[in-house]
Amino acid sequence: MKTISARQCGIIIFLTILANKILVLPSILYKSSNADSIFVILALFLVELLILSIFFKLKKNHPNQTFLSILQEKLGIFIAKTVIFVFLTFFLFKTMLTYSVIFVYLKDLVYQDEFGFLVVVCLIPVINHAVVVGHRAMSRTFELFYYLVVVGIVFCLVIAFFTDISMPMLFVSKPSSMFSSLWQCLFAFGDYLVLFVFIDKISFKKGEGKKIVMFALFAIILVLAIFIIFYSKYQLTSFMHNNALADLLVFSVQFNAIGRLDIVAMLTIMTLGLFQLEIFNLAFCDCFVMLFEKLSIKYAVAVFDILFVVIYLVLIAKYEVMISIATNILPYLAVLTSYLLPILFYAISFKHKSEVKDEKNY
């Protein structure tokens, strides 16, 4: 079976951690808890590192089993299928939220017009192809473009220092406001859940888990840096700017004789968005195949395309509605998938005494 390495797995986590956090999220959180939003996302990142440790434990004790087989063995077929369905729903809306945020960014700053049909014609076939070719081919593509994405993000951060910035005011928000911010951004997290779905496709030796952790920490540092510099740059007007990474280049789009620099942010965001959509789409399709075991990945792709178009017509065309759902309703789903279910996974990650005894005898 074709598997992905620890390095490729780390790059996947790097890309998903950046999803839905570097454009509109800083603006949304500033409205409720000002610059103290930095502490909110830092707390959530620390919790998610614990979830990553749960994945490592589950992978260690069930190295070759699929996610579905582990759940069936420990919980039974009905609960296993229910968990898979919850994950499928989670990744579907993750895909839609990611697309919605990037779509509005491109529409406002690049195309200046409605281009939904162009996206359906150009983007969907690319995403579908990435899913059909499989995990390994997709991961190799991510490896090729990883350094370009990193350079693009770091470039935006560095150029921001050529504008007026000052440290944001911290420790000014009430606990209730910070809790409100935490609730609003819950659905933007849950990044490590893709690892549970891909668990049988990931192969790494003892000690290589550190590579995955290092990629995750690097992504967390970049997100925190974007938040800090963004709030330092805009201060009290941060809530007015909905594209944090791109807005770091505002007032510095022309730099001596180099010309416009906002093209760097645009290309970085487009590349990140494409890769993130591919990952979430693949996770959705994997869940679909586990849910309907007699159907192939091609049926999953077809179902995703239909749902994508339907949800696009209902929600994506109304950006405010999608953001409202993501910050008020979908956090309930995030609590279940990102926090309650990982506790369950931790409980079933332990081996039964009989299993340990059999291994020793073997």
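Predicted model: local features only at pLDDT ≥ 70, side-chain atom pairs only at ≥ 80, totals over all residues.
Local features need pLDDT of at least 70 and side-chain atom pairs 80 or more, while totals for chains, interfaces and linings use all residues. Residues are numbered from 1 along each chain as its sequence is written, and side-chain values use heavy atoms, leaving out hydrogens and water.

**Exercise 1.** Work out how helix 3 and helix 8 cross.

Step 1: find helix 3 at residues 37-61 and helix 8 at residues 175-185; helices here are DSSP runs (H or I, at least four residues), numbered from the N terminus.
Step 2: their axes, lines fitted to C-alpha atoms over the stretch in contact, come within 9 Å and cross at roughly 55 degrees.
Step 3: that makes helix 3 oblique to helix 8, since angles under 35 degrees are roughly parallel, over 145 roughly antiparallel, 65 to 115 roughly perpendicular, and the rest oblique.

**Exercise 2.** Which residues does Phe 345 contact, leaving aside neighbours within four places in sequence?

Step 1: contact means heavy atoms within 4.5 Å.
Step 2: go through the partners of Phe 345, which are Ile 54, Leu 58, Phe 67, Leu 71, Val 83, Phe 87 and Phe 196.

**Exercise 3.** Is Lys 174 buried or exposed?

Step 1: look in the loop between helix 7 (135-160) and helix 8, where Lys 174 sits.
Step 2: Lys 174 has 59% relative accessibility, so it counts as exposed (buried is under 20% relative accessible area, exposed over 50%, partly exposed in between, with a 1.4 Å probe and protein chains only).
Step 3: check Ser 33 too; it lies 141 residues from Lys 174 in sequence, but 7.5 Å away in space, C-alpha to C-alpha.

Technical notes: Axes fitted to C-alpha atoms, helices over the stretch in contact; angles between N-to-C directions. Helix = DSSP H or I, 4+ residues; strand = E, 2+ residues; numbered from the N terminus.
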